Each structure stands twice: as C-alpha cells, then as structure tokens.
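User: Can you walk me through this one? Keep it quick.

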Amino acid sequence: MLENFNGLEGLETIGRQIFIVTNTSLTSFSGLNSLTTAGGALIVRENTTLQSLDGLSSLTTLGETVFDDDLPYSLDVRLNSSLTNIAALSSLTNVVASMIIVQNDSLLSLDGMQNITNYDDATNNVFVQENP
C-alpha cells in the first residue's frame, strides 16, 4: 500500500494535474519535496490517513484543471478526514484558478495559504466549507 512518494525525489515539474485520490494508507507527500510546479490542479481527495501535506513545501505554482461542473480550479482538497493542517503549502504563491477546501473533518487552520500573491480573484472563487 502506498504510504508516501519516496522514489520521486528528483521530480520538479508535472506538466498537467496531480490526482491524489482514495489512498487509504497514504500518510505523507514525502518524496515530492523537489516538486515546484504543476501545470494543472492539485487534487487531494478521500485520503483517510493523510494528516498533513508535508512533502509539498517546495510547491510554488499550480495551473488549472476543468473537471467538476465546468469550474476551473487549481487546488482541490476535500474529504480527507484525518488532515489537520495544510502548512506545507506555505511556498505556494501562484494560483491561477479557484481553490476548494471542503469537508476535511480535522482541518483547523488555513495556515500555509498566506503567501499566495498571484491570484485573480475577479474571475475565480475560494470555497472553504464544512471544515470544523
């Protein structure tokens, strides 16, 4: 069972989106420490044992993906029942589309999002719903 991303330590750029979905043993993003850019969205959904996004501390830029309801988005973090923090996203500065942070039962803070400076809020949305 996948517990981390060890073996991908040299990966710096992904040309399209990153889907991390329904991994019941994933505990960290360790192994993706060199990743700086994704050409599409970062989608982190339904990873029941994931407690943090540690390992994504070098990520600076997210592109966009059109997936649900034709809504373009860059960040989708939802239904991760054990996720307590997203502080590892503190290097993230460039986000080109909507951000969705929804239904993470243990998430108590948005610390880690404070350095996003390049975000076009006139055309995009920020959804933060049903987190404690």
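Analyst: V126 is partly exposed, because its relative accessibility is 49% (buried is under 20% relative accessible area, exposed over 50%, partly exposed in between; 1.4 Å probe, protein chains only). This is a predicted model: local features need pLDDT of at least 70, side-chain atom pairs count only at pLDDT 80 or more, and totals for chains, interfaces and linings use all residues. Residues are numbered from 1 along each chain as its sequence is written, and side-chain values use heavy atoms, with hydrogens and water left out.

User: Where is V126 placed?

Analyst: In strand β10, residues 126–129. Strands (E, at least two residues) are DSSP runs, numbered from the N terminus.

User: Switching topic. How many salt bridges are there?

Analyst: Two in the whole structure. The cut-off is a side-chain nitrogen of Lys or Arg within 4 Å of a carboxyl oxygen of Asp or Glu. R45 meets D76 at 2.5 Å, N to O. That pair links distant parts of the chain: R45 sits in strand β4 and D76 in strand β7, 31 residues apart.

User: And the other bridge?

Analyst: D76 and R78, at 2.8 Å, N to O. Shared partners join R45, D76 and R78 into one network.

User: Is D76 buried or exposed?

Analyst: Buried, because its relative accessibility is 0%. R45 is buried as well, at 13%.

User: Now the core. Which residues touch the most other members of the largest one?

Analyst: F29, L53, L75 and L89, out of 29 residues. A nonpolar core is a set of buried Ala, Val, Leu, Ile, Met, Phe, Trp, Tyr and Cys residues joined through side-chain atoms within 4.5 Å. β2, β4 (42–45), β7 (72–78) and β9 (98–102) each supply at least two of its residues. A second, separate core has five residues, including A41, I43, Y73 and I100.

User: What is F29 in contact with?

Analyst: Beyond neighbours within four places in sequence, its contacts (heavy atoms within 4.5 Å) include F5, I20, V44 and L56.

Methods. Helix = DSSP H or I, 4+ residues; strand = E, 2+ residues; numbered from the N terminus.
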